[in-house]
Amino acid sequence: MKNLNTSSLTTDFPFFKAAAVTDRFFKHHELLLFMEKLPAEFDRRIVGYSEENRSISLISWGKGPVKVFLWSQMHGDEATGTMALLDLMNFLQQQSYQEEISYLDSHCTLYLMPMVNPDGAERFSRRNALQIDLNRDFIKTVAKESEVLKKTASQLQPDYGFNLHDQNTLWSVENTNAQLDGPLPAALSLLAPAYDKQISLNNTRTKATQVIAEIYRSLSPLLPGQIGRFDDEFEPRSFGDNFQASGIATILLEAGGYKDDQEKQELRRFYFLAIAMGLQSIATHSFQTIPLKDYFSIPPNTKQIFHILIKDLQINGRTVSIGMNYREYPVLAKKNTERIYFVDDIGDLDLWSGYQIHDSPSLNVLGTPKFEEAADFDLFDGTQLILSFKKGILAV
Ligand SMILES: [Zn+2]
């Protein structure tokens, strides 16, 4: 069979990208419109309801023996996985990839659960309508949405799971490439969640690490220094860790940050590619030839990046750097967020990097940057105003 490759998928992505979704703020009713138009080879059924009575659907596709379960947006403000699942469903209808798609169809059955937390998506909040973090609710299963996800997985007994999330944009990737200039934002992070405190490796978790290593191998040329291995501390209350323990080879995929991509429309393409290459690895069993060390050599996530880094500024007669990050507050009516910038560090930040870096010998500041407070000062390069913050809001 012909293998999928990232370069043709990248070229063709605009043709199958789900056009109805253009930002992170799409809602359950928009998802319903998309799903209602799916052709018959996608079998959709409602498997439960959210706390506010929004339906949660399971879509199955394919006739193969290997069962792969993909679920997204357990955290309502983490929409990239849902976008990528819609893109995947469109891709699976592409005539030009018929050979590759029919191979997948005959080797795998996919089960997709987009938007596990529709009430959170409605508010653009991490938690559900009861303020519960669903991914810390596996054991007690207090929330309806957690129960739906848990019950569905136990009925399906899938061989593989894709647990689709977004991570904070302030994660970076440990810089192991001397040609790169400092740590870069983690565009994607991957993890085979641990199933015990010792972070052991059994057959199930080993398979997940190998699929991840193959995804990394396929995508790292497109995102050099921007794919990380997520922190793998055992979290006994989370779904991924428990699914791994139950024999589902579980792959955690996190969309992080990418320069000038606030709505994650570039990231969504890389995210789709990661899923597509992972599915191919599973369908063809090509992961079986990947050595385990390839997983452990994926550089780990670090926290060495700021949204804005101002280097070597004179404050109180000393030369210091300032690291600033914004917090996002949703403005739902505008399908946007308000960003409030805080001064998160002052001092020697030579090992840090930034989405935006200001570095000039003639930088000077009017007003006083105060640690852990909302930014309220002006930054000049010589006499030219380059940044102006008023109560945390970036005005210029
Ligand atoms: Zn999440």
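Domain bounds here come from an automatic or database domain assignment. With that said, hi everyone, here's the chain. This is a predicted model, so local features need pLDDT of at least 70 and side-chain atom pairs count only at pLDDT 80 or more, while totals for chains, interfaces and linings use all residues. Residues are numbered from 1 along each chain as its sequence is written, and side-chain values use heavy atoms, with hydrogens and water left out.

Okay, the layout. We've got domain 1, which is 6–302, and domain 2, which is 305–394. Their C-alpha centres sit 33 Å apart. On the contact between them, domain 1 puts in 19 residues and domain 2 puts in 15; contact, by the way, means heavy atoms within 4.5 Å.

How much area is buried between domain 1 and domain 2? About 1,400 Å², with carbon and sulfur atoms giving 53% of that. Buried area is the accessible area, taken with a 1.4 Å probe, that two parts lose on being put together, summed over both.

Now the polar side of that interface. There are three salt bridges between domain 1 and domain 2, where a salt bridge is a side-chain nitrogen of Lys or Arg within 4 Å of a carboxyl oxygen of Asp or Glu. The rule also finds six residue pairs in polar contact across the interface, both residues at pLDDT 80 or more. A polar contact is a pair of N or O atoms within 3.5 Å; within protein, one must be able to donate a hydrogen and the other to accept it, and residues adjacent in sequence count only if both atoms are side-chain atoms.

On the side of domain 1 that touches domain 2, helix 5 (118–123) and strand 7 (184–185) each supply at least two residues. Helices (H or I, at least four residues) and strands (E, at least two) are DSSP runs, numbered from the N terminus. By class, that side of domain 1 has eight nonpolar, four polar and seven charged residues. For the classes, Ala, Val, Leu, Ile, Met, Phe, Trp, Tyr, Cys and Pro count as nonpolar, Asp, Glu, Lys and Arg as charged, and the others, Gly among them, as polar.

Let's look at some salt bridges by name. Glu 328 pairs with Arg 24, with the closest N and O atoms 3.1 Å apart. Then there's Lys 335 with Asp 23, at 4.0 Å between the closest N and O atoms. That pair links distant parts of the chain, 312 residues apart: Lys 335 is in the loop between strand 13 (318–331) and strand 14 (336–347), and Asp 23 is in the loop between helix 1 (6–16) and helix 2 (28–36).

Is Asp 23 buried or exposed? Buried, at 12% relative accessible area, whereas Lys 335 is partly exposed at 35%. The cut-offs: buried means under 20% relative accessible area, exposed over 50%, and partly exposed in between, with a 1.4 Å probe and protein chains only.

Arg 123 makes a salt bridge with Glu 52, and the closest N and O atoms are 2.5 Å apart. Through shared partners, salt bridges join Glu 52, Arg 54, Asp 119, Glu 122 and Arg 123 into one network. Searching the whole structure gives 20 salt bridges.

Leu 313 is in strand 12 (residues 305–315) and is buried, with a relative accessible area of 0%. Beyond its neighbours within four places in sequence, Leu 313 has contacts including Val 320, Ile 322, Leu 363 and Leu 379.

Asp 378, in strand 17 (residues 378–381), is buried too, at 14%. So what does the Asp 378 side chain make a polar contact with? The side chain of Ser 388, at 2.6 Å, and the side chain of Lys 390, at 3.5 Å.

Met 115 has phi near 60°, positive in a residue other than glycine; Met 115 is in the loop between strand 4 (108–113) and helix 5 and is buried at 1%. Asp 312 isn't a glycine either, and has a positive phi of about 50°. Asp 312 lies in strand 12 and counts as partly exposed, at 41%.
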